[in-house]
Amino acid sequence: MNNYFYKNLYEILGIEPTDDLVKIKSAYRSLARKYHPDLNGGNELYVSKFKEISEACEILMDKDKKALYDAFKGYVKTETKSKYTQPDPQKAYRAYKSAQNTKNTKKENAEDTNNPKGSFSQVLNDILEGLFKEQGINKTEYAKTSQKTQPKRGKKTPKDGEDITTELEISYLEALNGTHRTVNILHSEICPNCEGKMFINGSQCPLCKGLGETSIHKKINVKIPKNVKQNSKIRIASEGNRGRNGGKNGDVYLLIKIKNDEKYTYDGLNVSFETTIYPHEAVFGTEHRVETPQGAIKMKIPANCSQGQKFRLSAHGLKDDKGNIGDAIVTVRLDLPDELTEEELELYKKLSQLCKRREQKESAK
Ligand SMILES: [Zn+2]
């Protein structure tokens with residue numbers, strides 16, 4: 001007995017045992033489009049898959065072979081349900097016999113009886129030929145392959161793997177001085193379980209589901225060069241998706257995103273930021289603690305300081321790897337405490353009255 005009895009031919013074609021010839025043909029058509037190596041860039045990994053599909057189809061399109069297969073596998077049609085039940089070994093033989101009898105006494109549908117014996121592979125070839133015409137593939141070239149039921153292995157069209165682009169966020173300081181990162185790339189590789197063979201001991205590889213390749217996370221150490229610019233791309237050669245049939249692997253591109261800093265604005269090595277003082281501090285001057293990239297320091301704010309005034313703190317900006325250092329530029333903002341006490345409010349009232357009086361005096365001049 002042929003080894004196809006150990007396979008689920010319906011599953012291979014993705015159809016039900018109840019499906020008719022039209023369904024079988026249509027399943028074959030769409031699977032051939034997917035797996036015929038000549039129709040998908042000569043992917044030789046598909047050769048055995050395509051062979052399996054063709055064999056399953058040839059058996060199921062042959063009434064005798066299908067009846068024998070159904071009987072052996074126990075796909076027996078019951079009267080009440082139009083579904084097929086699971087094997088009942090005792091019934092299997094009887095079912096086969098009855099299938100044989102039916103065939104002998106009853107005229108089968110025209111399509112089957114009109115087909116001379118052994119013409120099933122011809123039907124498959126006709127379907128394939130149709131697909132080749134659709135794809136605009138030369139018929140004579142196809143003829144070479146169709147002579148053998150198995151697709152040719154010789155001619156493979158190399159297909160380069162796809163590039164992968166992924167964003168990488170770095171700080172301004174890292175962009176300035178360069179850095180190292182470990183990036184996690186999800187790319188396709190040959191399936192490590194079946195080594196690209198798609199099948200293991202005749203059944204579909206459970207890891208790649210018969211594709212022969214699988215998506216794998218890979219950690220790659222990358223050096224980010226110094227002075228890298230916003231939205232620039234860093235290429236990591238050959239770490240993209242796998243090329244096929246000798247095609248090149250794709251590349252990985254890291255799209256650089258320089259983090260927006262809430263606190264600092266950068267200009268080369270210079271860093272700008274704001275600090276907030278109270279009105280009385282603006283009047284009398286103060287010492288204020290500020291955080292610079294070189295650490296916290298106390299900066300002197302002179303008396304009569306106004307809103308928006310800028311102060312330069314020399315050598316408190318960023319440092320590059322050559323030892324150059326920029327300045328910190330501090331802009332003063334005036335603000336009130338979140339809540340004023342009654343006493344403070346009283347003083348502000350008095351201040352307000354004094355201000356009004358001064359304005360009146362000035363306008364009277
Ligand atoms: Zn696999």
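Which residues does Leu13 touch, not counting residues up to four places away in sequence? I looked this up and got Ile24, Ala27, Tyr28, Leu31, Ile53, Ala56 and Cys57. Touching here is contact, that is, C-beta atoms, placed from the backbone, within 7 Å of each other.

**Ground rules**

I note that this is a predicted model, where local features need pLDDT of at least 70, side-chain atom pairs count only at pLDDT 80 or more, and totals for chains, interfaces and linings use all residues. Residues are numbered from 1 along each chain as its sequence is written.

**Confidence**

I checked pLDDT, the predictor's confidence in each residue, from 0 to 100. The protein averages 81, and 75% of the residues score at least 70. I marked residues 79–83, where pLDDT stays under 50. The model has two contacts beyond four places in sequence for that stretch. I also marked residues 139–152, with pLDDT below 50. That stretch has 18 contacts in the model beyond near neighbours in sequence.

**Overall make-up**

I found eleven helices and 15 strands. Helices (H or I, at least four residues) and strands (E, at least two) are DSSP runs, numbered from the N terminus. Of the 365 residues, 19% count as buried. A residue is buried if 20 or more other C-beta atoms lie within 10 Å of its own, exposed if 12 or fewer, and partly exposed in between; C-beta atoms are placed from the backbone. I then took the contacts between residues at least 6 apart in sequence; 58% of them join residues at least 24 apart.

**Cores**

I went back to the surroundings of Leu13. The largest nonpolar core has 23 residues, and Leu13, Ile24, Tyr28, Leu31, Ile53 and Cys57 have the most contacts inside it. The elements giving two or more residues to this core are α1 (9–13), α2 (21–35) and α3 (47–61). At least three residues come from each of domain 1 (3–147) and domain 2 (164–258). Domain bounds come from an automatic or database domain assignment. Another core, of nine residues, lies apart from it, and Leu176, Val228, Ile258 and Val330 are among its members. A nonpolar core is a set of buried Ala, Val, Leu, Ile, Met, Phe, Trp, Tyr and Cys residues joined through C-beta atoms within 7 Å.

I listed the buried residues of α3: Lys49, Phe50, Glu52, Ile53, Ser54, Ala56, Cys57, Leu60 and Met61. The 15 residues should span 21 Å at 1.5 Å a residue, and the end C-alpha atoms are 21 Å apart, so the two agree. The expected span is 1.5 Å times one less than the number of residues.

How many of the 23 residues of α11 are buried? The count is zero, and α11 is hardly covered. Helix α11 (residues 342–364) should span 33 Å, and its end C-alpha atoms are 33 Å apart, so it agrees as well.

**Ala175**

I placed Ala175 in helix α9 (residues 172–177). Ala175 is buried because 22 other C-beta atoms lie within 10 Å. Leaving aside neighbours within four places in sequence, Ala175 is in contact with Ile170, Val228 and Ile258. I also looked at Pro225: Ala175 and Pro225 are 50 residues apart in sequence, yet 7.7 Å apart in space, C-alpha to C-alpha.

**Loop between β7 and β8**

I found Asn227 in the loop between β7 (213–224) and β8 (233–236). Its phi is near 60 degrees, a positive value in a residue other than glycine. Asn231 lies in the loop between β7 and β8, with a positive phi of about 65 degrees although it is not a glycine. Buried or exposed, I asked of Asn227? Asn227 counts as exposed because it has 10 C-beta neighbours inside 10 Å. Asn231 is exposed, with 10 other C-beta atoms within 10 Å.

**Strand pairing**

I counted two strands as paired if DSSP finds at least two bridges between them. Strand β3 (residues 164–170) and strand β9 (residues 252–258) run parallel, joined by seven bridges. Thr165 stands opposite Tyr253 in β9. β8 and β9 pair in the antiparallel sense over four bridges, with Lys233 opposite Leu255 in β9.

Strand β12 (residues 286–292) runs antiparallel to β13, with seven bridges. They form a hairpin with two residues between them. Thr292 stands opposite Gly295 in β13. Strand β13 (residues 295–301) is hardly covered: of its seven residues, the buried count is zero.
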